[in-house]
Amino acid sequence: MRLSGKKVIALVSEDFEDLELWYPIYRLREEGAEVHLVAEEKDKTYIGKYGVPAKSDYAFEEVNSQHYDGILVPGGWSPDKLRRYTKVLELIREMNADRKPIGQICHAGWVLISARILDGVTVTSTPGIRDDMENAGAIWKDEAVVVDGHIISARRPPDLPPYGKAFCDALAGE
């Protein structure tokens, strides 16, 4: 249980990619981390692209980045919604400033783009937003997982096993 005592935010909104939300959450919980689902509204059930529900534990406005050790941004269509919330962008910027692990997969890069934290950062994403990532100043690579300091990125669901491991390793300080 190398992640006992660690707390992580998992952002959620409608149309998240089901596996990209739940796989990392379960992976972290298996290693002892406490993961809170954080959304626009507390105690609301959000539905993923393929119908899997996720009930939020807290609203964006209720959480403080100082009380958490890392943050996960799932893919799907939810990143396009998540990046419109000022509090989400603040959380990402604060986590970035504190060099806490930030995990992003697939379209989740849109949130990091809107937070303006990718200039000079090496990342991956779904190839569909490669231009967006590069236009934000990122160095894009077509690899399953890219770790650049505290930013851990992956392309798509088949990359979840190495992505989950890389995020857990970062959270453990390895």
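**A conversation about the predicted model**

Q: Which domain does UniProt place at residues 6–167?
A: The unreviewed UniProt entry places the feature "domain: DJ-1/PfpI" at residues 6–167. The structure shown here is a predicted model.

Q: How much of that stretch is helix, and how much is strand?
A: Over residues 6–167 the chain is 31% helix and 24% strand.

Q: On to charges. How many salt bridges are there?
A: The count comes to 13 salt bridges. One of them joins Asp-15 to Lys-81, with the closest N and O atoms 3.2 Å apart.

Q: Where do Asp-15 and Lys-81 lie?
A: Asp-15 is in the loop between strand E1 (7–11) and helix H1 (18–30), while Lys-81 belongs to helix H2 (residues 78–82), so the pair ties together parts that are 66 residues apart in sequence.

Q: And how accessible are they?
A: Asp-15 has 30% relative accessibility and therefore counts as partly exposed. Lys-81, at 29% relative accessibility, also counts as partly exposed.

Q: What about Arg-27 and Glu-31, buried or exposed?
A: Both Arg-27 and Glu-31 are buried. They form a salt bridge in which the closest N and O atoms are 2.6 Å apart.

Q: Which residues are linked with them in a network?
A: The network of salt bridges links Arg-2, Arg-27, Glu-31, Lys-165, Asp-169 and Glu-174.

Q: What does Asp-159 pair with?
A: Asp-159 forms a salt bridge with Arg-155, and the closest N and O atoms are 3.0 Å apart. Both Asp-159 and Arg-155 are buried.

Q: Now the surface. Which residues form the negative patch?
A: Glu-61, Glu-90, Glu-94 and Asp-98 form a negative surface patch. Of these, Glu-90 is found in helix H3 (residues 86–97). Glu-90 counts as partly exposed because its relative accessibility is 33%.

Q: Changing topic to the backbone: what is phi of Cys-106?
A: Phi of Cys-106 is near 65 degrees, a positive value in a residue other than glycine. Cys-106 lies in the loop between strand E7 (102–105) and helix H4 (109–114). With a relative accessible area of 10%, Cys-106 is buried.

Q: And what is phi of Arg-116?
A: Arg-116 is also a residue other than glycine with a positive phi, near 60 degrees. Its place is the loop between H4 and strand E8 (122–123).

Q: Is Arg-116 buried or exposed?
A: Arg-116 is exposed, with a relative accessible area of 74%.

Methods
Residues are numbered from 1 along each chain as its sequence is written. This is a predicted model: local features need pLDDT of at least 70, side-chain atom pairs count only at pLDDT 80 or more; totals for chains, interfaces and linings use all residues. Side-chain values use heavy atoms; hydrogens and water are left out. Patches are made of residues with over 30% relative accessible area and no salt bridge: like charges are joined within 9 Å, nonpolar side chains (Val, Leu, Ile, Met, Phe, Trp, Tyr) within 5 Å. Accessible areas come from the Shrake-Rupley method with a 1.4 Å probe; for residues, only the protein chains shown count as cover. A salt bridge is a side-chain nitrogen of Lys or Arg within 4 Å of a carboxyl oxygen of Asp or Glu. Lys and Arg count as positive and Asp and Glu as negative; His and the chain ends are not counted. The place of a charge is taken as NZ of Lys, CZ of Arg, CG of Asp or CD of Glu. Helices (H or I, at least four residues) and strands (E, at least two) are DSSP runs, numbered from the N terminus. Buried means under 20% relative accessible area, exposed over 50%, partly exposed in between (1.4 Å probe, protein chains only). UniProt positions are given in the numbering used here, feature names are shortened, and annotations may be inferred rather than shown by experiment.
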